[in-house]
Amino acid sequence: MQKPDKIYLENCNLLHALSLTNVEVGTERETFFVNPLSYAHSVEYAKQGDFVIDRKYTIEVGGASKDGKQIANADNAFIAADDIEYAWNTIMTGIQQ
């Protein structure tokens with residue numbers, strides 16, 4: 001057995017209940033994103049980006065300022081962003097830079 005790369009709680013609200021300090025927003029975003037997907041899809045930790053879904057899609061999770069540098073060379077790569085007012089072209093079509 002080896003140590004896992006990351007462990008995610010089942011519900012991001014548990015982060016706030018168990019933490020003695022403020023919860024990192026990145027950890028909360030990733031927990032929120034991975035929880036519903038893991039019920040019906042294979043979700044794996046990625047070498048490039050944050051997650052690989054069904055061994056096909058690379059996902060980078062972030063906020064409004066997230067750019068595509070982490071997933072620039074990955075196929076079928078997308079950014080799952082929050083804290084944005086509206087979607088723009090790179091999010092809707094993937095990273096096309």
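Which residues make a nonpolar surface patch of about 260 Å²? The patch is made by Leu9, Leu14 and Leu18. Such patches consist of residues with over 30% relative accessible area and no salt bridge, and nonpolar side chains (Val, Leu, Ile, Met, Phe, Trp, Tyr) are joined within 5 Å. A salt bridge is a side-chain nitrogen of Lys or Arg within 4 Å of a carboxyl oxygen of Asp or Glu. Leucine 18 belongs to helix 1 (residues 12-18) and is exposed, with a relative accessible area of 61%; exposed means over 50%, buried under 20%, and partly exposed in between (1.4 Å probe, protein chains only).

The model is predicted: local features need pLDDT of at least 70, side-chain atom pairs count only at pLDDT 80 or more, and totals for chains, interfaces and linings use all residues. Residues are numbered from 1 along each chain as its sequence is written, and side-chain values use heavy atoms, without hydrogens and water.

The protein contains 3 helices and 4 strands, which follow the order α-α-β-β-β-β-α from the N terminus. Helices (H or I, at least four residues) and strands (E, at least two) are DSSP runs, numbered from the N terminus.

The 4 strands form an open sheet in the order 1-2-3-4, with mixed pairing. Strand 1 (43-45) and strand 4 (77-81) stand at the edges with a single partner strand each, so one side of each has no neighbour in the sheet. Two strands pair if DSSP finds at least two bridges between them. Strand 1 and strand 2 (residues 51-53) pair in the antiparallel sense over 3 bridges, and valine 52 in strand 2 is the bridge partner of glutamate 44.

Of the 97 residues in the protein, 28% are buried.

Terms used:
Patch = residues over 30% accessible without salt bridge, like charges linked within 9 Å, V, L, I, M, F, W, Y side chains within 5 Å. Areas by Shrake-Rupley, 256 points an atom, 1.4 Å probe, with all protein chains shown as cover.
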